[in-house]
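Me: Let us go through this model together. Could you begin with the terms and then take the residues in turn?

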Amino acid sequence: MSVKQDSFSVSITVGAYGSAFGAAAVAADFSVLQACLLSLLLFSGASQFAVVGVIAAGGTPINAIATSTLLGTRNGLYGLRLAPILKLRGLKRVVAAQITIDESTGVALAQNNESDMRKGFWYTGFGVYIFWNLFTLAGALGAQAIGNPSAWGLDAAVPAAFLGLLWPRLSDRKSWVLAGFAIVLALTLTPFVPAGIPIISCTLLAVIIGWRK
Amino acid sequence: MSAFWVAVIGSSALAFAIKFIGASVPETYLSNPRILRINTLIPVALLSALIAVNTFANKTQLALDNRALGMAAAVVLLIAKAPFPVVVLGAAVTSALAYRYI
């Protein structure tokens with residue numbers, strides 16, 4: 001497949017997923033405007049779902065910000081990897097930074113030469129940005145129209161979305177072990193500490209398990 | 001300002017800051033293997049915790065309800081290699097049916 005086709009198919013598939021985000025955000029009592037702003041400004045799927053998930057679970061905004069930011073640190077590392085290839089400066093650097101996400105990085109790094117890598121990055125970044133935002137609006141408006149989120153299963157759509165994001169990362173034994181420990185730790189802490197804390201505490205498990213090779 | 005606005009603006013600002021710093025500093029920083037390893041594991045830990053809490057808790061109380069059945073459906077669909085939107089839709093439909101009939 002050509003770079004363009006690669007970029008387009010990734011953009012439309014991932015973008016469509018934005019409707020799940022829009023719906024989940026509104027189901028968690030965010031306004032349609034707030035849901036759309038998260039997609040326009042934050043623009044990183046897992047982090048956006050984390051903001052919504054932590055608030056929906058009763059966590060504080062600080063907790064939501066911390067969890068979302070920790071999930072977003074990988075975008076910074078993608079930038080480190082891509083910057084020398086993209087040759088960024090000025091406004092171009094600002095735009096590139098905003099669309100540095102899993103998908104634009106993934107398509108770029110899958111190409112064989114630097115020219116195709118640059119094309120893959122920009123096409124996929126803009127493509128996902130456009131579709132993700134359009135579908136967020138559609139999902140948010142849809143959820144607003146239907147009322148009680150539980151009656152439509154929207155309360156299960158949020159964890160299912162997290163599971164969809166987690167699944168491809170469970171690539172080895174270490175990540176399965178970590179996932180298991182994180183679930184146990186989060187649920188064990190839940191009755192005893194303020195909501196949101198059980199989630200962010202699991203960062204510690206990642207540090208412990210990742211420390212040794 | 002409401003909690004929602006603080007969360008929206010704060011998380012957006014920090015998300016962009018991280019992306020921009022990544023695009024601006026020389027590659028030699030932060031490329032030590034331990035940091036890279038921990039960085040790949042952080043999403044695994046946080047996503048797992050988010051799944052657990054959003055499925056089995058209401059605020060600070062543990063709960064077993066319609067959402068758990070929705071998640072069971074999601075796991076089955078993922079094992080069957082269903083595409084992303086189908087997984088979320090399957091979980092929502094199952095959970096909605098459980099909410100209505102159980």
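Reply: Buried means under 20% relative accessible area, exposed means over 50%, and partly exposed lies in between, with a 1.4 Å probe and protein chains only. By that scale A:Glu114 is partly exposed, with a relative accessible area of 38%.

Me: What kind of model is this, and how are things numbered?

Reply: This is a predicted model, in which local features need pLDDT of at least 70, side-chain atom pairs count only at pLDDT 80 or more, and totals for chains, interfaces and linings use all residues. Residues are numbered from 1 along each chain as its sequence is written, chains are lettered from A and ligands numbered from 1 in the order in which they are written, and side-chain values use heavy atoms, with hydrogens and water left out.

Me: Back to A:Glu114, then. Which residue forms a salt bridge with A:Glu114?

Reply: The partner is A:Arg118, with the closest N and O atoms 3.8 Å apart. A salt bridge here is a side-chain nitrogen of Lys or Arg within 4 Å of a carboxyl oxygen of Asp or Glu. Both residues lie in helix α8 (residues 114-146) of chain A, 4 residues apart, about one turn of the helix. Helices are DSSP runs (H or I, at least four residues), numbered from the N terminus. A:Arg118 is partly exposed, at 28% relative accessibility.

Me: Where do A:Asp116 and A:Lys119 sit relative to each other?

Reply: They are 3 residues apart in helix α8 of chain A, so about one helical turn separates them.

Me: On to the nonpolar core. Which residues touch the most other members of the largest one?

Reply: They are A:Phe30, A:Phe49, A:Phe121 and A:Leu178, in a core of 83 residues. The largest share of this core, 12 residues, comes from helix α2 (residues 33-56) of chain B. A nonpolar core is a set of buried Ala, Val, Leu, Ile, Met, Phe, Trp, Tyr and Cys residues joined through side-chain atoms within 4.5 Å.

Me: What does A:Leu178 contact?

Reply: Apart from neighbours within four places in sequence, A:Leu178 is in contact with A:Leu205, A:Ala206, A:Ile209, B:Leu41, B:Val44 and B:Ala45.

Me: And A:Phe49, is that residue buried or exposed?

Reply: A:Phe49 is buried, at 0% relative accessibility, and is found in helix α4 (residues 45-56) of chain A. Its contacts beyond four places in sequence include A:Tyr17, A:Phe21, A:Trp132 and A:Phe162. A:Phe21 is 28 residues away in sequence and 6.6 Å away in space, C-alpha to C-alpha.

Me: Turning to chain B, what does B:Leu78 touch?

Reply: Not counting residues up to four places away in sequence, B:Leu78 touches A:Leu163, A:Gly164, A:Trp167 and B:Val87. B:Leu78 is found in helix α3 (residues 66-79) of chain B and counts as buried at 8% relative accessibility.

Me: Is B:Tyr101 buried or exposed?

Reply: B:Tyr101 is exposed, with a relative accessible area of 61%, and is found in helix α4 of chain B.

Key:
Helices (H or I, at least four residues) and strands (E, at least two) are DSSP runs, numbered from the N terminus. Contact means heavy atoms within 4.5 Å.
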